[in-house]
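The following note sets out points for a colleague who is reviewing the structure shown here.

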Amino acid sequence: MPSDDLAQFRAEARSWLHANTPAHSAPLDGPDSRTFVLDWQRCMYEGGWAGLTWPSEYGGRSLSVAQQIVWFEEYARCGAPSTHNASFVGINHAGPTIIACGSVEQKAFHLPKILSGEVIWCQGFSEPGAGSDLASLRTKGRIEGDEIVIDGQKIWSSYADIGDYQELLIRTDPESTRHKGLTWLICPMDLPGITVRPIKTMAGPAKFCEVFYDQVRVPIRESVVGGIGEGWKTAMATLSFERGTASLALQISLVGKVEQLAADCIDPFVAPRLADLRADAAALKAMSYSFALSSEHGTPGAEGSLIRLYFAELAKRASDLAVDLYGIGSPELAGEHGWAFEFLDAYSETIAGGTAEIQRNIIGERVLGLPRGKA
């Protein structure tokens, strides 16, 4: 895209964000966070700033990845609400998965609701004993006529307590093992038989949840995405978005936070660490932009795990350095959005979307072509 056009787009984005960014920070959990997130999503949608790279036939603007990057840069610069909130799943991987694998009816019903700020989505993949080893999941779906009856449990389902729909991966073939016999479902969260229990994290919020399913019935036609028994293929599309371009806004925001640390640094003992951190943040930015641009016309590849792993480790190092730089008791560490919260919350980044160990396995096997490790 010509640089003059990008500059004009940047000016438009900056102007709109300065005029519309909420004056107060988003609540971190509970019903208030739902209201805030949906109101903000609706504001962006009505202003023409939602689903920038989504195809226009699904309510987006069909803009380029370069324009998406510019938007995220201005978004971070303006201090707009974190994109890692209750709308994250719907916007960044449930919606894209339905675009890639869903039926015409599923696209027509769900995509407008996601973009316009009507619904919250959550993810039902991980289970006790089947988190990073997703292929060993045991939540069952029994086919009865035109319905699937679900029994089992999921865990670490962010915002399930305030969610309307869940992207749910279950085992529909009782004789299957590992990657075979799985099915990806759209599961309404208000169905009889669903129980949600929030889990409070060490950072404070109770945004993670465990979800129990007891004879939960979902209709096959409306719910199955990608076909019965084809859930692993659909889930890999979901995870490619989650590990790939979904966190681009977070990566850009982290680079900005590192630059702020550099601007605030007056401690010569911290300066060498900060220099290394700035160099690594610049590398993250270069990798993220290159990967996003290369993924513009297709599903992101396994190389996204490189960036996912690099970002998670860098986020931990940045928050650790911030604590040392500002010191315990400083105003920069205080509050729900201070560096103390970032320090504690950063540990979840090395687990979300697959643990650091899983990311290294993906990099070794699918990027570098190394032999598969023994189970």
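In which sense, parallel or antiparallel, do strand S4 and S5 pair, and over how many bridges?

1. The model is predicted, and the points below should be read accordingly. Strand S4 (residues 165-171) and S5 pair in the antiparallel sense, and 7 bridges join them. One of the residue pairs is Arg-171 with Leu-182, the latter being the bridge partner in S5.

2. S5 also pairs with strand S8 (residues 224-225), again in the antiparallel sense, here over 2 bridges. Trp-184 has Val-225 as its bridge partner in S8.

3. The aromatic residues deserve a separate point. A total of 10 aromatic pairs is found in the structure. In the pair formed by Trp-16 and Trp-40, the ring centres are 5.9 Å apart and the planes stand at 35°. Planes under 30 degrees apart would count as stacked and those over 60 as edge-to-face, so this pair is classed as tilted. Trp-16 belongs to helix H1 (residues 3-20) and Trp-40 to helix H2 (residues 30-47); the two are 24 residues apart, and their pairing links distant parts of the chain. Both Trp-16 and Trp-40 are buried.

4. The two tryptophans of the previous point also belong to a cluster. Ring pairs join Trp-16 and Trp-40 with Phe-9, Trp-49, Trp-71 and Tyr-75. Trp-49, a member of this cluster, has Arg-61 over its face, at 5.2 Å from the ring centre. A further case of a charge over a ring involves Phe-109: the charged end of Lys-113 sits over that ring, 5.0 Å from its centre.

5. The charged side chains form the next topic. The search of the whole structure returns 19 salt bridges. One of them joins the side chains of Arg-10 and Glu-74, with an N to O distance of 2.8 Å. Arg-10 is in helix H1 and Glu-74 in helix H3 (residues 65-78), 64 residues apart, and this pair links distant parts of the chain.

6. Because Glu-74 lies in helix H3 and Arg-14 in helix H1, the pair ties together parts that are 60 residues apart in sequence. Arg-14 counts as partly exposed, its relative accessibility being 35%. These residues are part of a network of salt bridges that links Arg-10, Arg-14, Glu-73, Glu-74 and Arg-77.

7. Another salt bridge brings together the side chains of Glu-342 and Lys-257, at 2.9 Å from N to O. Glu-342 is in helix H11 (residues 339-349) and Lys-257 in helix H8 (residues 248-264), so this pair ties together parts that are 85 residues apart in sequence. Glu-342 counts as partly exposed at 24% relative accessibility, and Lys-257 counts as partly exposed at 29%.

8. Gln-41 is found in helix H2, and its relative accessibility is 6%. Why does Gln-41 count as buried? The term applies under 20% relative accessible area, so Gln-41, at 6%, counts as buried. With its neighbours within four places in sequence left aside, Gln-41 is in contact with Ala-50, Ser-87, Ile-91, Ile-114, Leu-115, Ser-116 and Gly-117.

9. The last point concerns the cysteines. The structure holds 0 disulfides.

Notes: Residues numbered from 1 in each chain as written. Predicted model: local features only at pLDDT ≥ 70, side-chain atom pairs only at ≥ 80, totals over all residues. Heavy atoms only, no water. Disulfide = S-S within 2.5 Å. Phe/Tyr/Trp six-rings, centres within 6.5 Å; stacked < 30°, edge-to-face > 60°. Helix = DSSP H or I, 4+ residues; strand = E, 2+ residues; numbered from the N terminus. Buried < 20%, exposed > 50% of the residue type's maximum accessible area, 1.4 Å probe, protein only. Lys NZ or Arg CZ within 6 Å of the ring centre and 35° of its normal. Salt bridge = Lys/Arg side-chain N within 4 Å of Asp/Glu carboxyl O. Contact = heavy atoms within 4.5 Å. Pairing = 2+ DSSP bridges.
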